[in-house]
Amino acid sequence: MNHVAVLVEAFERIKGVVHDTLDDIPADALTYRLDAEANTIAWLIWHLTRVQDDHVAGVAGAEQVWTSDGWEARFDLPFDGAAIGYGQSAADVAAVTTGADLLREYHDAVHARTVAYIESLTAEDLDRVVDENWNPPVTLGVRLVSVVSDDLQHAGQAAYVRGVFERA
C-alpha cells in the first residue's frame, strides 16, 4: 500500500463514521446535549468538516469548499464565516442546528476535495514543511495525520452522543 492509499483509507474511515452517525438520525438527536456545555452531533460534524476543509485547503493553496462552493451561505450560521469551531462557546455550539442532509453533503464535498488533493501528492511532497510555527516544523504528512486524528476523535464523539441519545 502506498502513501496515497493509506491517506485515502484514513479519510474514508472518517467519512464512514460521519455517514453512520447521520444515517436515519432523528432531527432532535442532532442538537441533543449530554449537559448544558456539551457539544452536539450537528456541531461536531460541522466542526470536524470545517477543520478538514480549512487545513487541507491551506496546505493545498486552495480556497476552502466552504466559500468556493457556497456552503457558508447554505449553513447561514450566526458567526464569522471563517470560524471552524476552535474556541467557540456553548452558545455557538447551540447555534449549529443544521440538518443531517446538509451536514452530510458538505462533508462529502470536502471529502471529495481532500481525496483529489491526496491523489495528486508524491511521497516526497509529504516531507514539505507547511508550518514553521512549531518545533520541529510541521510537514505536510504530519499535518494530514493531524487532521485525520482530530476528525476521527470528533466523529467518534458524535457517534457516542448518538448512542447515548438512543438509549435515553
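This is a predicted model: local features need pLDDT of at least 70, side-chain atom pairs count only at pLDDT 80 or more; totals for chains, interfaces and linings use all residues.
**Exercise 1. Classify the pair of Trp-46 and Trp-66: which geometry do the rings have?**

Step 1. A pair of aromatic rings is described by the distance of the centres and the angle of the planes.
Step 2. Take the distance. The ring centres of Trp-46 and Trp-66 are 6.4 Å apart. The cut-off for a pair is within 6.5 Å.
Step 3. Take the angle. The planes stand at 65°. Over 60 degrees counts as edge-to-face.

**Exercise 2. Find which helices hold Trp-46 and Trp-66.**

Step 1. Trp-46 sits in helix H2, residues 41-60.
Step 2. Trp-66 sits in helix H3, residues 65-68.
Step 3. These parts are 20 residues apart in sequence, so the pair ties them together.
Step 4. Both Trp-46 and Trp-66 are buried.

**Exercise 3. Classify the pair of Trp-66 and Tyr-106, and locate its partners.**

Step 1. The centres are 5.2 Å apart, and the planes make an angle of 55°.
Step 2. Trp-66 belongs to helix H3, while Tyr-106 belongs to helix H6, residues 100-119. The pair therefore ties together parts that are 40 residues apart in sequence.
Step 3. Check burial, which means under 20% relative accessible area. Trp-66 has 2%, so Trp-66 is buried. Tyr-106 has 1%, so Tyr-106 is buried.

**Exercise 4. Inspect the backbone: where do Asp-24, Asp-76 and Pro-136 lie?**

Step 1. Most residues other than glycine have a negative phi, and most peptide bonds are trans.
Step 2. Asp-24 has a positive phi, near 55°. Asp-24 lies in the loop between helix H1 (3-22) and H2. Its relative accessible area is 76%, so Asp-24 is exposed.
Step 3. Asp-76 also has a positive phi, about 50°. Asp-76 lies in the loop between helix H4 (71-75) and helix H5 (90-95). At 62% relative accessible area, Asp-76 is exposed.
Step 4. The peptide bond joining Asn-135 and Pro-136 is cis, with omega about 5°. Pro-136 lies in the loop between strand E1 (129-131) and strand E2 (138-139).

Note on methods:
Residues are numbered from 1 along each chain as its sequence is written. Side-chain values use heavy atoms; hydrogens and water are left out. Rings of Phe, Tyr and Trp (its six-membered ring) pair if their centres lie within 6.5 Å; planes under 30 degrees apart count as stacked, over 60 as edge-to-face and the rest as tilted. Helices (H or I, at least four residues) and strands (E, at least two) are DSSP runs, numbered from the N terminus. Buried means under 20% relative accessible area, exposed over 50%, partly exposed in between (1.4 Å probe, protein chains only).
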